[in-house]
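Here's a quick tour of one model, from a charged pair through a helix and some strands to the nonpolar cores. Have the 3D view open as you read.

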Amino acid sequence: MTTISPETQSVPADDLGSLVVQSWRGTTPDGNVPYLLVCSLGDGANGPEGTSKAIEQLLLGAGLPLGEGLVHAVQRPSLPVSLLVVPGSAVLTVRHLKSQFVPPETWLEAVGELGFAYLIFTTRPWPQGAEPGDVETLAAFTSDEDAMASAAHVVLPARSLRS
């Protein structure tokens, strides 16, 4: 479930459309990495192009550069982006936008081991007609250079209720 608080918003909620948060654990040479992909379905009030522009405005307003390398949130404590992980679920916050999601157990284990997740928040909409969560589409989408160049990439520490 995604909500936008009624506090001062730089982007109207209707322009963002439906946002999807997808979580998975990827295996890299350095071990297991918990990933988060956030993107729109492109169904905002002004269509896919308007949705992309609204997400770009949201990300830039949060201090997240697009396609300009990796942001380490620990080094930028004022960054309005956070990840709260509790048993069985998590909440991602970007400015006034909050998305609660239920990640797979393997993702939760990887976050528990590493203490962070790798966030990819892209302005590019999820492929039309593709079901969010489809593994093949996810792999193709996250391998697409244009999609990744239009994204903010953040190493995001995972907070818990105990921290």
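A salt bridge here means a side-chain nitrogen of Lys or Arg within 4 Å of a carboxyl oxygen of Asp or Glu. Keep in mind that this is a predicted model.

How many salt bridges does a search of the whole structure find? The count is 1. Asp144 pairs up with Arg124, and their closest N and O atoms sit 2.6 Å apart. The two partners come from distant parts of the chain, 20 residues apart: Asp144 is in the loop between helix 4 (135-143) and helix 5 (145-149), while Arg124 is in the loop between strand 8 (116-122) and helix 4.

Now for helix 2. This helix covers residues 47-61, 15 residues in total, and spans 21 Å from its first C-alpha to its last, close to the 21 Å expected at 1.5 Å a residue. Its buried residues are Gly47, Gly50, Thr51, Ser52, Ala54, Ile55, Leu58 and Leu59. After the helix comes Gly63, with a positive phi near 80°.

Next, have a look at strand 6 (residues 89-94), which is mostly covered, with 5 of its 6 residues buried. Strand 6 runs antiparallel to strand 5 (residues 81-86) and also antiparallel to strand 7 (residues 97-101). Both pairings are hairpins, with 2 residues between strand 5 and strand 6 and 2 residues between strand 6 and strand 7. Here they are side by side:

| Hairpin | Bridges | Opposite residues | Positive phi in the turn |
|---|---|---|---|
| Strand 5 and strand 6 | 6 bridges | Leu83 and Leu92 | Gly88, about 85° |
| Strand 6 and strand 7 | 5 bridges | Val94 and Leu97 | Arg95, about 55° |

On to the packing. Nonpolar side chains tend to be buried together in soluble globular proteins. The largest nonpolar core in this model has 33 residues, and Leu64, Leu83, Trp107 and Phe121 have the most contacts inside it. Helix 2 supplies the largest share of this core, 4 residues. Which residues does Leu64 touch, leaving aside those up to four places away in sequence? Its contacts are Leu59, Val71, Leu79, Val81, Ala152 and Val154. Another core lies apart from the largest one; this one has 13 residues, including Val20, Val33, Met148 and Ala151.

Notes
Residues are numbered from 1 along each chain as its sequence is written. This is a predicted model: local features need pLDDT of at least 70, side-chain atom pairs count only at pLDDT 80 or more; totals for chains, interfaces and linings use all residues. Side-chain values use heavy atoms; hydrogens and water are left out. The expected span of a helix is 1.5 Å times one less than its number of residues. Buried means under 20% relative accessible area, exposed over 50%, partly exposed in between (1.4 Å probe, protein chains only). Two strands pair if DSSP finds at least two bridges between them. A nonpolar core is a set of buried Ala, Val, Leu, Ile, Met, Phe, Trp, Tyr and Cys residues joined through side-chain atoms within 4.5 Å. Contact means heavy atoms within 4.5 Å.
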